[in-house]
Amino acid sequence: MKSTHLSLIAGAAVLAAVTGFATVTAPGAPAEPAAKPAALLPVERAGLVCPAPSSSDLAETRYTAFTPAGEGGEAEGAAEGAAELKPALPIVDDEDESDPKKAKKAEEAAEKARKKAEKPVLAVQEPGKPAVAEADGSDAPALVGLATGALAPGWTAQQTTEVTAGGSRGLLGVTCTAPDTSFWFPGASTAKSRQDYIHLTNPDDTGAVADIELYGPKGALASDVGDGITVPARSSVAVLLSTLTSEAVDDLTAHVTTRSGRIGAVVMSADESAGSDWITASADPSGTLVMPGIPADATSVHLVAFAPGEDDADVKVQLMGKNATFSPAGNATLHIKSSMTASVDLKDLTRGEPGSLRLTPVRKDRATPIVAALRVARGKGDQQEIAYIPATGPVGARASVPDNRAKGSTLSLTAPGATAKVKVTASAGSDGGEPTVETYTVKAGTTLAVTPKAPEGLKGSYALTVETTSGGPVHASRSLALTSDGVQMFTVQTLPDDGGMVEVPSARQDLSVLDD
């Protein structure tokens, strides 16, 4: 009989990259030596989706995409790979069209839309340099995109929209999201003074089906229409939350899940008296949460939290300020009932100094997972503006945020555990300029707010990349402010780890297969 030798190392490596785990052992082989540590490798594909920017004809939107440079600031394989964001397809009425002329016209329009959707709105050409595109009015589309090769690790995109009048007035900023199957949005509302739309965007070539659940202070809100929402392939759907229930609730938590497929989800929140901004998803449920970057001049800070499990949660509420950590007077703890949304008005707790909010379990042996977000206001009366700060994960190895201007950016860094050091790189400008690098020490239990040093000779906008170099975890956010008619509009984006590197277990052995 014939003996055939089959090497499975390559196959195991591929399996590890796809599933995160692969082990190969020959039948009857002796015990293997200890496995080698997992290799840390750059991702080779990354997907993003961006919601439709605004329904206002006055909207002015800037899209910015960015991939950070590799080690030492060198572009790793800049000529390999692609990173493009393209328009999502419009939703087409799927009712049968009996009139042949109308049917032909509809098909021609659909074909035109498909061709338009194949043309990138913006594309990153090389690591370390942002790509920028602009769009005006209410017709600016949602975007879907994919990065591959050397442009995939750390690829990120920012959508910033300025609306100077009307119900959507404000500076609306959102980091385009990676597609997923579950999103939590504490801080949403169905109140009569609010217009909150949840945007669901499907990047894939097959349809997705999503469910939306709403939870108020008394538990789940009755809804007959939040289940089974179809999101067609490469398309985006906006759902007004107040149409899902007859109950008007000031503070609620929205939970979006998918039955099939993947989507990106964000909430557009518009308050008739305080402007508008995007609410991005909270970090996954955890016993300890951090919300970084409350502005020093905040006039109101409103906390909304939710416990999705079967247990109630009791948490300490602490502000990590400029020099120390302390509990707000009268609000040192918060009780969150299971499956109910809790909220508390912390007023102007920063009192002229920057800060970050930390929630930790009252009892360390009862760390009930929760989600949370802050609604932050600056100014008063008709000059009030709002932004949202969701709980976020630490910067980790690296995180980036694009669309920083010559003026108006503030970077907030907080170290909830041990003192830490970070490196902050301002990239080359989109139209010119040389990168700059600064290092900062963030003392334990404090928040450091800095005005980033812009690139030398800046032209256009630039990206900020934060890397933890030593010490404990660091949580970060970037505030971008623009002044319009004397009103300082602002938006805040958090900087969790960009996920540009993944651990891939090593394949350990060739497998010999003997055919008798």
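Reader: What should I know before we start?
Author: The model is predicted, so to speak of local features we need pLDDT of at least 70, side-chain atom pairs count only at pLDDT 80 or more, and totals for chains, interfaces and linings use all residues. Residues are numbered from 1 along each chain as its sequence is written, and side-chain values use heavy atoms, with hydrogens and water left out.

Reader: How many helices and strands does the protein have?
Author: There are two helices and 40 strands. Helices (H or I, at least four residues) and strands (E, at least two) are DSSP runs, numbered from the N terminus.

Reader: And what share of the residues is buried?
Author: Of the 516 residues, 48% are buried. Buried is under 20% relative accessible area, exposed is over 50%, and partly exposed is in between (1.4 Å probe, protein chains only).

Reader: What about contacts between residues 24 or more positions apart?
Author: They account for 82% of the contacts with a separation of 6 or more. A contact here is heavy atoms within 4.5 Å.

Reader: Changing topic: how many aromatic pairs are there?
Author: The search of the whole structure finds three. Phe183 and Phe185 form a stacked one, at 6.4 Å centre to centre and 15 degrees between the planes. For the cut-offs, rings of Phe, Tyr and Trp (its six-membered ring) pair if their centres lie within 6.5 Å; planes under 30 degrees apart are stacked, over 60 edge-to-face, and the rest tilted.

Reader: Are Phe183 and Phe185 buried or exposed?
Author: Both Phe183 and Phe185 are buried.

Reader: Why is the pair of Trp184 and Phe306 called tilted?
Author: Because their planes are at 35 degrees, with the ring centres 5.5 Å apart. This pair links distant parts of the chain, with Trp184 in strand 11 (residues 182-188) and Phe306 in strand 21 (residues 298-306), 122 residues apart. Trp184 is buried at 10% relative accessible area, and Phe306 is buried at 1%.

Reader: What lies over the face of Phe490?
Author: That would be Arg378, at 4.9 Å from the ring centre. The test is that NZ of Lys or CZ of Arg is within 6 Å of the ring centre and within 35 degrees of the ring normal.

Reader: Nice. Which residues touch the most other members in the largest nonpolar core?
Author: Among its 30 residues, they are Met291, Ile294, Leu303, Ile336, Leu357, Leu359 and Leu374. A second, separate core has 28 residues, including Leu221, Val249, Ala377 and Ile386. A nonpolar core is a set of buried Ala, Val, Leu, Ile, Met, Phe, Trp, Tyr and Cys residues joined through side-chain atoms within 4.5 Å.

Reader: Back to Ile336: which face of strand 24 is it on, covered or uncovered?
Author: In strand 24 (residues 333-336), Leu334 and Ile336 make the covered face, while Thr333 and His335 make the uncovered one. Strand 24 runs antiparallel to strand 22 (residues 313-320), and four bridges join them; strands pair if DSSP finds at least two bridges between them. Val315 stands opposite Leu334.

Reader: Where is Asp311?
Author: Asp311 is in the loop between strand 21 and strand 22, and is partly exposed at 46% relative accessible area. Leaving aside neighbours within four places in sequence, Asp311 is in contact with Ser338, Arg366 and Thr368.

Reader: What does the side chain of Thr465 make a polar contact with?
Author: With the side chain of Ser400, at 2.8 Å. A polar contact is a pair of N or O atoms within 3.5 Å; within protein, one must be able to donate a hydrogen and the other to accept it, and residues adjacent in sequence count only if both atoms are side-chain atoms. Thr465 sits in strand 36 (residues 462-471) and is buried, with a relative accessible area of 6%.

Reader: Last one: what is phi of Asp403?
Author: Near 60 degrees, a positive value in a residue other than glycine. Asp403 is in strand 29 (residues 399-404) and is buried at 0% relative accessible area. Arg351 also has a positive phi, near 50 degrees, but Arg351 is exposed at 70% relative accessibility.
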